[in-house]
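Subject: Handover of a structure and notes on its local features

Dear colleague,

Please find below the structure that I am handing over to you. My notes on its local features follow directly after it.

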Amino acid sequence: VNSEKPLPNPKSHRFTLILSAKNSCVFCRKNDDCPNKYGEKKTKEKWNLTVHYYCLLMSSGIWQRGKEEEGVYGFLIEDIRKEVNRASKLKCCVCKKNGASIGCVAPRCKRSYHFPCGLQRECIFQFTGNFASFCWNHRPVQIITSNNYRESLPCTICLEFIEPIPSYNILRSPCCKNAWFHRDCLQVQAINAGVFFFRCTICSNSDIFQKEMLRMGIHIPEKDASWELEENAYQELLQHHERCDVRRCRCKEGRDYNAPDSKWEIKRCQCCGSSGTHLACSSLRSWEQNWECLECRSIIYNSGEFQKAKKHVLPNSNNVGITDCLLEESSPKLPRQSPGSQSKDLLRQGSKFRRNVSTLLIELGFQIKKKTKRLYINKANIWTSALDAFRNRNFNPSYAIEVAYVIENDNFGSEHPGSKQEFLSLLMQHLENSSLFEGSLSKNLSLNSQALKENLYYEAGKMLAISLVHGGPSPGFFSKTLFNCLVYGPENTQPILDDVSDFDVAQIIIRINTATTVADLKSVINECYNYLELIGCLRLITTLSDKYMLVKDILVYHVIQRVQAPFESFKQGLKTLGVLEKIQAYPEAFCSILCHKPESLSAKILSDLFTVHTLPDVKALGFWNSYLQAVEDGKSTTTMEDILIFATGCSSIPPAGFKPTPSIECLHVDFPVGNKCNNCLAIPVTNTYKEFQENMDFTIRNTLKLEKEESSHYIGH
């Protein structure tokens, strides 16, 4: 037996070389198939042609003259051959081989290179506009005026720590100053996300972010996200869970048996929907009773919030009153799902939802640029002047805002500096009382055809978003239903009676809900036949329990479906500066400022809020602290809110805080002076506390009264 190794077959080796050359890109001569680096590798057997997409795209002497389906990506075959012929005469300044089809676009620069060679030498290729290429000496760079980052920061995609110094491989977000990325991480994300989903990982800005990344050579393909293209990717979400999962199932037919309208009907967990039980297996008397699986129950109970929940009674209880009617209960065969706890994942992510809303708004505030835009505001007509300012084609929500107050019909054109936070506070007050919303305390969107025609719902959402990011006050007037529609979608939201501001509609709902017999129920329906037919809520009544579904239908129509167009417009406006996406990511944090009024001010809160910047007068500061305590105890004609408005223009502390921080000065003046532009309060230096309090009360009370009279006619309107 011959133990020597066989000699290589020259013919076989020659065939391998031929095959390799055949599958090599005609521009770079590389056989690599790496879509992330070189783009898709395309082979046209008919013309014996193989190209990398990026090599073809970035070649300097070729243009896309055909349709997308012609040639290779719209580049005609004869044009590709001409470009290959042209490049064959050019030597690559990196590998020193011919075929360098890409040239630096900088004036007088004569460097040419292959695409892979350009990547190796850290050239930048811009996949936009004229598809320019820049060599390593002329490539665009990110300029940072000052670098306050002394320690390493994590790449916000892979979370590996990097030195926060802009370079070819390290890029910074243009909209969030604390967001840094590896170039490779960004490129992979861009290819997977596509142009529709590629955005800043911190603030979700897409326009500014994509523009800068294209400038720095990140290719953003014009395609849908990879996860959206997967066939039947979300198919399992359309399936209902139909299995009894309790420890001891009593059904003889098995856990998968489901018999509607019987004790063996399967009811799903109202929180996650991914566990179920037979009614009999969990001792449920009827479908109306709420049921949670063990896992959700432990999460809810351990959170400590279950004690706040209102205890509900069954609708057939004899003690049910009109105010405690089933409108707060689950409807038959449609278990009420709390939008805040629709899945176990949301329940588990407690730390995510407990993020401080101030921190979230400050993160959104990183988008605000140093460039300022001055808004000319007439305080007597705050809505119209704000609308004109925000609709101005030169207005950019990401510019810093300056406010100048003007007087209508002033022939001299005089103006004086105004407080941005005071302006936003007045604007939010007007918005709350405008005809765009309905309700007393907790408000929902109204149906105003004229406002819809003038696109005012969009402008209202935009104003709210701008106010939150630019340091405005907490709106605090959203109903839970409106908030849940924004966060979880109208289809996952169940309105309640309190959402109905129309007295007649509310009376119809109450009468239907309090009907005690089928005959009473049919009588009410006959009386309201025209209305129910008009809104499409007529249904066949066979049992008394059908009233619950009817009530649900009326509520959904009146509160949600009726205002669908205003809601969509308002929602689009709220997307300004990425606010809506932030709300949807952190609903619990934003619920505290959108659905609840700020906490009442106290002497301690105001004392801690105002800092002393100048050398204080000890006696005056003592009077100040005594005055705050007197106001809190009701021994003064002013309130804590009056003091804050006098000094800053705001009746509460904005969620993002004051800029600049409120301060106190002690001046030898008779009366206090409030500088709302600087959030500065100058308090008088007096001989006695009585004189101090009288001067403070008199000035604050009369100043605010005068300002209120000047603008009351418009706000009242």
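Is Cys-93 buried, exposed or partly exposed? Cys-93 is partly exposed, with a relative accessible area of 23%; the classes are buried under 20% relative accessible area, exposed over 50% and partly exposed in between, with a 1.4 Å probe and protein chains only.

Two remarks on the basis of these notes are in order. This is a predicted model, in which local features need pLDDT of at least 70 and side-chain atom pairs count only at pLDDT 80 or more, while totals for chains, interfaces and linings use all residues. Residues are numbered from 1 along each chain as its sequence is written, and side-chain values use heavy atoms, with hydrogens and water left out.

Cysteines

A disulfide is a covalent bond between the sulfur atoms of two cysteines. With the criterion of a pair of cysteine sulfur atoms within 2.5 Å, the count is 0 disulfides. For Cys-93, the closest cysteine sulfur belongs to Cys-92 and is 5.4 Å away, which is too far for a bond. The sulfur of Cys-595 has its closest cysteine sulfur in Cys-591, at 3.9 Å, again too far for a bond. Cys-595 is buried, at a relative accessible area of 9%.

Aromatic rings and charges

There are 21 aromatic pairs in the structure. Rings of Phe, Tyr and Trp (its six-membered ring) pair if their centres lie within 6.5 Å; planes under 30 degrees apart count as stacked, over 60 as edge-to-face and the rest as tilted. One of these pairs is formed by Tyr-53 and Tyr-73, which is tilted, with 4.4 Å from centre to centre and 50° between the planes. This pair links distant parts of the chain, 20 residues apart: Tyr-53 is in helix α3 (residues 53–58) and Tyr-73 in the loop between α3 and α4 (77–87). Helices (H or I, at least four residues) and strands (E, at least two) are DSSP runs, numbered from the N terminus. Tyr-53 is partly exposed at 22% relative accessibility, whereas Tyr-73 is buried at 14%.

Tyr-113 and Trp-136 have ring centres 6.5 Å apart and planes at 45°, so this pair is tilted as well. Tyr-113 lies in strand β4 (residues 112–113) and Trp-136 in the loop between β6 (133–134) and β7 (153–154), so that distant parts of the chain, 23 residues apart, are linked.

Ring pairs join Tyr-53, Tyr-54, Tyr-73, Tyr-113, Phe-115, Phe-125, Phe-127 and Trp-136 into a cluster. The charged end of Arg-121 sits over the ring of Trp-136, 4.0 Å from the ring centre; the criterion is NZ of Lys or CZ of Arg within 6 Å of the ring centre and within 35 degrees of the ring normal. Lys-379 is placed over the face of Tyr-405, at 5.0 Å from the ring centre.

Surroundings of Val-505

Val-505 is part of helix α18 (residues 503–513) and is buried at 6% relative accessibility. Leaving aside residues up to four places away in sequence, Val-505 touches Val-500, Tyr-531, Ile-554 and His-558, where contact means heavy atoms within 4.5 Å.

In strand β21 (residues 680–684), 5 of the 5 residues are buried. Cys-680, Ala-682 and Pro-684 point one way, and Leu-681 and Ile-683 the other way. In a regular strand the side chains alternate between the two faces of the sheet. Strand β19 (residues 663–667) pairs with β21 in the parallel sense over 5 bridges, pairing being defined as at least two bridges found by DSSP. Strand β20 (residues 673–675) pairs with β21 in the antiparallel sense over 3 bridges.

Backbone

Most residues other than glycine have a negative phi, and most peptide bonds are trans. Phe-131 has a positive phi of about 55°, and Asn-455 has one near 60°. A cis peptide bond joins Lys-659 and Pro-660, with omega about -5°.

Yours sincerely
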